[in-house]
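Take a walk through this structure with the sequence at your side.

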Amino acid sequence: MMRAVASAVLSLYPKAWRERYGEEVADLIASRPARVRTVLDLVSGAADAWLHHRRVPGARTLTVPLAAVLTCMGAALLLMWNPGLRDATDVASLRGVWAEAGPIARNVQGMAQSLFGMAGVISVLSVAPLLNTCLAAMRGSVHGPLTRMTARRVVMTAWLLVVPVGLVGLTFVSLAFLHAGYPVGPLGEAMAGGFYVPLIMALVLPLPMTAAGAPSLGSDVRGTGQILASAALCNALAWGAVATLLTLGLEKASWSFVAMVATGALVSVWMTIVVTRSAIRRGRTVMGQLSPA
Amino acid sequence: MARRPKELGRFTDVALLVLISLAEGQKHGYRMINDIEEFSGTSLEPGTLYGALMRLEERGWIEPVESAERRKPYRITESGRSALGEQLATLRRIEQAGARRAGAAWGLA
């Protein structure tokens with residue numbers, strides 16, 4: 001019985017590990033007494049093999065596509081915002097606390113809104129220099145065919161992204177600045193941007209990633225990444241202001257609500273870091289192709 | 001400065017036992033487990049043994065030997081032998097320091 005369980009546990013190991021050691025370990029299991037300890041040891045070994053799968057001889061790097069990571073993060077943010085936080089009674093019930101806090105709460109709320117607003121605007125503008133270079137490359141004859149073709153693809157992608165970026169931006173502005181939707185309140189208005197700015201950043205990312213196809217556009221790709229880094233910084237600072245606002249009403253907030261806000265903040269900040277790092281790294285890689293070997 | 005296998009983590013001790021076992025000649029997993037149990041009294045399970053083998057192979061301290069048999073033997077490499085020598089020298093220093101200090105504490109020195 002234990003031997004069968006131990007053999008079955010082998011299927012929990014990564015494929016590269018099984019290809020390399022599977023037969024040997026199966027032979028060991030078959031030729032030695034199998035106990036509960038053996039099974040637990042194999043389960044622990046499987047977890048270790050997954051954690052250190054790069055150490056398995058001949059293992060390929062496990063890579064999750066960036067698009068899939070960003071899609072999952074974006075979907076998580078949207079779900080946490082709506083129905084997650086917007087439906088939470090705390091958003092409405094805490095309104096009285098902040099009314100008592102007076103100008104402090106209003107100032108902190110305004111700071112968060114402004115920082116998120118800046119992050120959104122910077123994100124959209126981050127691709128302006130790149131688009132400018134691409135438009136110039138399409139018109140001129142200085143660049144080679146690869147650069148011209150890549151520039152055309154970047155501009156076409158930009159046109160395709162205008163509507164989604166516009167919709168996300170409009171939703172953010174409506175919720176944060178135009179008191180649209182229910183029931184947002186001071187905290188909701190303050191933190192709405194934190195759920196939408198990362199989406200805007202992720203939506204503009206295809207432009208530098210597409211531009212990375214042409215080494216001559218490498219400096220613009222890296223430049224976009226650097227500008228996106230300032231947007232990510234504004235986003236993180238804005239979450240700091242949201243945390244301050246939440247602290248003012250912490251006594252009346254439920255732990256689940258605080259946990260949801262904290263998770264939203266973490267995902268938001270993490271997503272902006274992933275986007276920024278991807279653009280900067282891609283820019284560096286492309287520029288490295290231009291350097292003499 | 002002795003080369004310590006810091007990244008071997010919880011496999012450090014097992015890796016040392018494997019290197020000692022292979023130092024006298026190539027062995028496959030089954031023989032390694034029996035040999036280690038015989039000279040150290042440590043009964044290894046397959047998951048732990050192969051976690052250590054994976055790390056040792058990655059470091060180039062052991063290597064598989066081509067074999068048509070299902071049980072693949074492993075042998076220690078030159079760098080593995082040198083790493084083993086350094087680890088044993090470190091253990092000797094620890095043992096000497098321990099014996100000296102324990103002796104002093106018991107009033108035997």
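Find Ala211(A). Leaving aside residues up to four places away in sequence, Ala211(A) touches Leu130(A), Cys134(A), Thr150(A), Val154(A), Leu217(A), Asp220(A) and Val221(A). Two residues are in contact if their C-beta atoms, placed from the backbone, lie within 7 Å.

A word on the source. This is a predicted model, in which local features need pLDDT of at least 70, side-chain atom pairs count only at pLDDT 80 or more, and totals for chains, interfaces and linings use all residues. Residues are numbered from 1 along each chain as its sequence is written, while chains are lettered from A and ligands numbered from 1 in the order in which they are written.

Now step back to chain A. It has 13 helices and zero strands. Helices (H or I, at least four residues) and strands (E, at least two) are DSSP runs, numbered from the N terminus. Of the 293 residues of chain A, 42% count as buried. A residue is buried if 20 or more other C-beta atoms lie within 10 Å of its own, exposed if 12 or fewer, and partly exposed in between.

Which residues touch the most other members of the largest nonpolar core? Ala211(A) is one of them, and Ala112(A), Ile200(A) and Leu245(A) are also among them. This core has 63 residues. A nonpolar core is a set of buried Ala, Val, Leu, Ile, Met, Phe, Trp, Tyr and Cys residues joined through C-beta atoms within 7 Å. Helix 10 of chain A gives the largest share, 13 residues. Apart from this core lies another, of 37 residues, including Phe11(B), Ile36(B), Ala52(B) and Tyr74(B).

Follow Ala52(B) into chain B. Ala52(B) is one of the residues through which helix 3 of chain B contacts helix 1 of chain B. Helix 1 (residues 12-23) supplies Val14(B), Ala15(B) and Val18(B). The two axes, lines fitted to C-alpha atoms over the stretch in contact, come within 9 Å and cross at roughly 75°. That makes the two helices roughly perpendicular (65 to 115 degrees).

Finally, look where the chains meet. Here 18 residues of chain A are in contact with 15 residues of chain B. Helix 2 (15-31) and helix 3 (36-51) of chain A each supply at least two residues of chain A's side. Helix 2 of chain A gives the most, with eight residues.

Key: Axes fitted to C-alpha atoms, helices over the stretch in contact; angles between N-to-C directions. Parallel < 35°, antiparallel > 145°, perpendicular 65-115°, else oblique.
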